[in-house]
Every structure is written in C-alpha cells, then in structure tokens.
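Hi,

Here is the structure I promised to pass on to you. Have a look at it first, and then read my notes below.

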Amino acid sequence: MFKLPNINIGKITLLVTILTWLGMLFVDLLRLFGTINQMNLGIAPEITWSLEIMFFILIYIFISRSLAQNENNNFIHLIWRGASTGLMALGTGLLIQFFYYLLNNTRLSKDPLLANFFYHVNFGMTTIFLISCTLLWKHLILYQKNKNVVQQWQIYEVMLTVSMFFIYFNQNSFDFTFLFGLLFLLIFSIIISVNLKWIPYLTFKDKWKSILFFAIIIISSLGLFLQMLSYSEKGFILVNLTDNLFLLGLFGFVFIYALFSFLVTLFNLPTSSVFEQKLTEAINFQKLSQSIQPGQSESQVLDILMDSCMSAAYVDAAWLEVKDENNHFQILHQRFITNKDRKDIKELLKEKKPFSDYLKNNRQIDLEHIHGPLDHEIFNSALIIPIRVNKELLGNIYLLKEVKNGFNKEMLNIISTFVGQASISLENHRLLNEALRTERYKEELKIAQRVQRSLLPSELHHNGSFNIVGFSEAADEVGGDYYETYQFNEHRFAMIIGDVSGKGTSAAFNMAQMKGIFHSLAQLDLSPKEFLIRANSALSKCLAKNHFITTTYYLLDTDKHEITFSRAGHCPTLYFKSENGKSAYLKADGLGLGIVRSGKFENYLKEKTINYQPGDVLVMYTDGIIEAKDQAGEEFGYDRLREILDISYQKTPNEIKEIIIDEVYSFVGASSLTDDDYSLLVVKFDK
Amino acid sequence: MLEISIQTEKDQTTLILKGQVDASNSVELDEAIGELLNKNHKKILVDGSGLEYISSAGLGVFMSYLEDFEEQKVLFLIYGLSEKVINVFHILGLDQLITIKANKEEALQTIHEA
C-alpha cells in the first residue's frame, strides 16, 4: 500500500528558510560581483525583494509553529524566549564587529563581498528576533482577549502584510509615502500595545524577572536598530534589505510594546502584593466551598477557614476552639502562639469589653464578629469570630495582631464572607452525612420488609371442602398484621388472624413474636380459649406496657362441619350464612391479649361453636379495613363490608377478596396513602 | 389533632379530649394522665364527647394505666363517648375494665356513690 512519508513540516520550513536566505545571499553577491566588475547580469532588484518577502513569511510560519508546539507558554517563559533571541542577535552583531576590529584595516576588512555576507547574517538574525518578538507580543496582547482586541490584531496583521509588499511600490526609496506608512504603523502599534492584561497575574518575583527580560529586549532592539543604521550610512551596501517598511514597523512595535510592558510592570510592583492577596482569597473561598466531600472531616474545613482568615487579615497568631457535647470549648487549631499566651489572652478577653459581653453569655445570635484593642505585651488587637451552623454556635476563631487597630473594614468583610461560606460547607457536610444515614436506614427497612413478608404464609392450608385466600398490606415498610393456618390432620385445621397495636417497626417485632407463639401453641391442639389464655400469658412477659394484640383463633373440622373460635378483642368475624341468604357479624365477648396480664384474663374470654353449610363464607379482617377513611373523613365501617359480602358471596374466595380490596381502595381514593395495615382472609366452604 | 384540657372541681379532675387520638399524639394523652397520677388525683374523669376517633395506640394508653389505677385506688371513668368510639372500646373488650358512662350526669352519680 502507498504510504505517505512522515514529513516533519517544521524541519522542511527551516530548510526552505535557510535555502531562501542562501538564495538571497547568492543573488545579492552575484549582483554586487557584477557591479564591481561592471557587468550587467540582468538581475532585477525585484528578485531580491521577492526572496526577502518569502524569507519573512517563512520565518513567521516557522516561529508561530514552534510557539504553538511549545506547551510551556507561561508569560515569563515567553518573554525569556524574546530576550534570549535578542541577546543572540545582538551577540552575533557584536561578534562581527569584533571580527572587523581584529582585521584592523587589512584588505579583507574593505572587501565588499565579505561585508555584504555579514550584512546578510545580521539581517537574518534581526528578522528572527523581530518576528519572534512580534509573535510573542501577539500571545500577550491576546491574553483574556475580547472581540475588539482580536479585530485590532487582525487589522494590524493585514497592515504588516501590506507593508511587506510596499517595497514594490516605492522601489526602496526613502520618500514621503514611506514615512507616512511608518508613522501609521507606529500609531497603530501604540494603540494595540495598551493590552497588558497579563501583567497583574504575575507574581512579585515574576514581575522582577519580566522587568529584567524586557530591559534586555529594549536594549537588543535599540542595539540592532543602531547597527542597521550604521550599515545604511556606510554606503557599501548595494542592495538595502533593511530600509524596509515592514522591518522598521516591527522595530517600532517590538520596542513600544516592550517599553510599555517594562514601565507598567515596574509601576505594578508596589500593588502586586494586593492583587496576589485577592487571588489567594478567591482561591481560599473556592477551597471552602469545595470542601464538602464526604471524605473530608469538619476539622479540615475549619483548618482551611483558619488559614483563609489569617492570610486575609495578616494575622500574627490565632486559635480556634469548638464546643463539645458538654458545652465546653476545646482547642482544635492553634497557630503561632504558646499555650500560656493563649490562656493569658483568653483571661484578658473575658475581663475586657466588648469581648467580655460575648464570652460570658453566648446568646448574641446575630453577632458576626467582635474586635477591639488588647493589653498584652505582644498582641495589641484581637478579633473573635463566632462560627455558627444552623444558628447553633459551633466554635470561635480568635485572631491576634501585634499592631493596634489591626482589623479594618475590608478584612472584617472578607472574613465574614469566609465564615459564612465555611458555615454553609459544614452545614452541607452534615446534611450529606445525614442523608447517607437515612439512606442506610431505608435499606435496613427494606430488608426488614422482606423478612416480614416472609413471616406471612404464601400458602394457606386447606382441603377439598373449603378454599382460603389471604391478603395483607402495610402502611409503612413493615406492619403489625398477622394471619396463618395450621393443619392437624386431613380434616382439622387451625386459623388465626391478629393485629398488633401501633404500627411500623415496633408492631412488626410483636407480630413476629405472635407468629412464634402461634407455631408453638398450635401444635398442642388446644381449644381456642385455652390457646388464647396461654398466648396471653406468654405475651404478658414480652409486650411493652401499653401494647396489646387483638386476635381471633379458629378451629375448623370439615368432618363435623364445625367452627369453634374465640375472640381476643379482634374485629368480629363476618359470616355469610347461605341458609339465611345474608351475612352477619359473629358476636362473642373477649379481651385483647396483653391487656390483663394475670390469671383473671380467662374470665373475659368466651368460646363459640357454629356449624357451617356449603356456600357459607367466612371473612376475617383487621381494623385497617373498617377504619379506612375517605376524603371527607368518613370511615368505611362495618355496614359497607357486610353489604359487599351480601352481593358477592357467590363468587370464588379470590374474587370476593379482590372486590372487597377494590371497594376499600376506591372508597379511600386513589390519591391518598394507606395509614394503617390492611389484612383480609376469605374462606368459602364448598361441601 | 388532639386537644387536651384539664378542669378541676373540688377533688375530681376532668380530662377533656377533643379531636383524634392516634399513634402520633398518644404520647400527649399518656403524659396528661401520668401527670394527674403523679399529682395524686384520686378521681379522674375523661370527657370523651369531643373524641372523634381513637386508634389502638390511644387505647394502649388507657390500658397501660389500668394497673396503676387499681394500685393507687384511683377512680377512673370515661363518659360522653360517641357510639363509634364506644364500639372500639367494646370490640377490644376494654369496656369490661374501664367504667364507661353515657353522659356527665351518670358519671357524676357514679362518683358520688363511690
């Protein structure tokens, strides 16, 4: 496959540039040779000019490429590049002069060809210096650019390009149009040279460096300019390359911008510390607002706050105390002060107004800071800043200065802002932690929910003569409703439904206990009343004083077609008797489990036995269904439930269950949430 | 919402309940009764005529003081309950343990007889 060779454009540009320079040198020397030997070689000066323009453009491309590739473009580095190029160009010029000084009027020193060669070398070096400086200035001028500045710079570049070709127009003569053009370029240079926005961003040290480098650039440009003039005056130059509008315009621009920068940097030196201070404050502010990552502790936020306040107010010593659980202040951070001094000062502050008022009672909620003089051998002014989170005092920062009246309004303002930001950070930090904790609790509750769901049976025992379905829904993640069945043999079953008082987690735990009691007592095959008496005595030992459980326990014998049950305070059973064609609540006295925790309990219990016939329906439920409220606050009630069964008794147990649940939900209204646990068991006897 | 106010006439104290007692405010009822017991009141009446609803948590409060009433020989009775609220007491069986009277007159009579 054809593959393009990896071309290094930079190297090629360099090569072509050198070749152009050599070509120019060769053409000019050839012409000079012709003049000396009085031969007309027919070389027009336009060839030189064209080569010169080509040389300018190539240098421009090469340098802008190398600048673009260089990533280390900080200001000092850029200015140093300009200064070093200047030194090199100037050094080359001086070496050539030194060489002529050594030649000391020998014949060689008068040789026009050699002089022209050196002239071309100097020309090349000067061009490199001027163009590279111009490109550097471009970087500096376009720092924090806006549309206007970019436009100005583009106009200037167009003007420079035009000035390159001006030579064709005025034929290298030094006339009025040339002067006019030069003046125009210089005025524009001054206009764009006021863009010096980069200077304030230098640190104090960098400003000194840049002043030095600009001095070098100014000296180099002056030196090179003088050297150029001396060539023009000597008169042996046949082809004048340097009386060029482009080159002179660049000289002007490089010099003017360097001079402006030099002076502005110099005058910026005294205020640079203020600017640096403001920049640090801005960075500190940012640090404070970002310091809310979950990993960071409050102490770290307070640490940043201390540093920020100290640097904002040029403080000599400081400490920070935070309130612990017992309302005692503990020292968290301490800077540039001994423990003894700190204690002495604290005592002094407690005796002295305005501090004493604050320190004796911390009730001044809206106080941002207290500052005043201090009678101490080292420190003469003090500032106390309370840190508050959620209007709660977290601690105090004490700032001390050796000078009197050391805290001015600006410092207090910036410190208040810092404290405000830190408070927000701390508040966010706490809220975030709280949110994480809540999230964890929610997870735990979900686990509890899964565990509890598994406590309710998924399969209910039955045989061919009856069918049973169950349903349960909790208001919270976990609930206190309970139902279960147990099978003694092929025709005898136990059924239970229960409701633990209260709801949520505590109800769920009691419900789990009830399940345990059911499983241990059911196996004993007790009568319903005996079952409840034993369950009450077991629960009496573990239920909280104000908790109780209501339940109804049923024994079912499908051989005898008999139901025996006892009610412990639970909602009366709804029973549809097919013989009567209507349903009714089965009345039986009883008392909730855990209400009377003594032997007297059995006095309150009754046991009842009924015979069932095919088509009878038994509905067990919890009070969540009866007490479900509609939008107007009316309860669903016993009558509605009974009426539903009266019209739906012919359906399957599952259909009856669905109808009851649908009715309850549509009664409550879809929008409102359930605020109690609902449970329902429907038993239908087939034969 | 539950409003509890207390009226004291001679040696008898009446606790007037208005609104609903549920899990969120049963603590208030608990505190009110607990305080009366601490102050050694021996005749406590509850005026439940303004009571719209009582949840199992509210019933639990009355239930939890039954033993204390017995031990400290406190006469405790509730009157003025709506039919719906009485039914709640009745279903749980609590009406067998707490004296519940239809109205104030009957309640006062019971107190005087005691």
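To follow the notes, you need to know that an axis is a line fitted to C-alpha atoms, for helices over the stretch in contact, and that angles run from 0 to 180 degrees between N-to-C directions. Helices (H or I, at least four residues) and strands (E, at least two) are DSSP runs, numbered from the N terminus.

This is a predicted model, where local features need pLDDT of at least 70, side-chain atom pairs count only at pLDDT 80 or more, and totals for chains, interfaces and linings use all residues. Residues are numbered from 1 along each chain as its sequence is written, while chains are lettered from A and ligands numbered from 1 in the order in which they are written.

In chain A, the axes of helix H3 (residues 75–103) and helix H4 (residues 112–141) come within 9 Å and cross at roughly 165°. That makes H3(A) roughly antiparallel to H4(A) (the cut-off is over 145 degrees).

Chains A and B also meet: the contact takes 18 residues from chain A and 13 from chain B (C-beta atoms, placed from the backbone, within 7 Å). On the chain B side, H2(B) gives the most, with six residues.

Finally, look at helix H14 (residues 505–522) of chain A. Its buried residues (20 or more other C-beta atoms within 10 Å of their own, C-beta atoms being placed from the backbone) include Met511(A) and Phe518(A). Among the elements that cover the buried residues of H14(A) are helix H13 (409–453) and strand S9 (549–557) of chain A.

Happy exploring!

Methods: Parallel < 35°, antiparallel > 145°, perpendicular 65-115°, else oblique. Contact = placed C-beta atoms within 7 Å. Buried ≥ 20, exposed ≤ 12 C-beta atoms within 10 Å, placed from the backbone.
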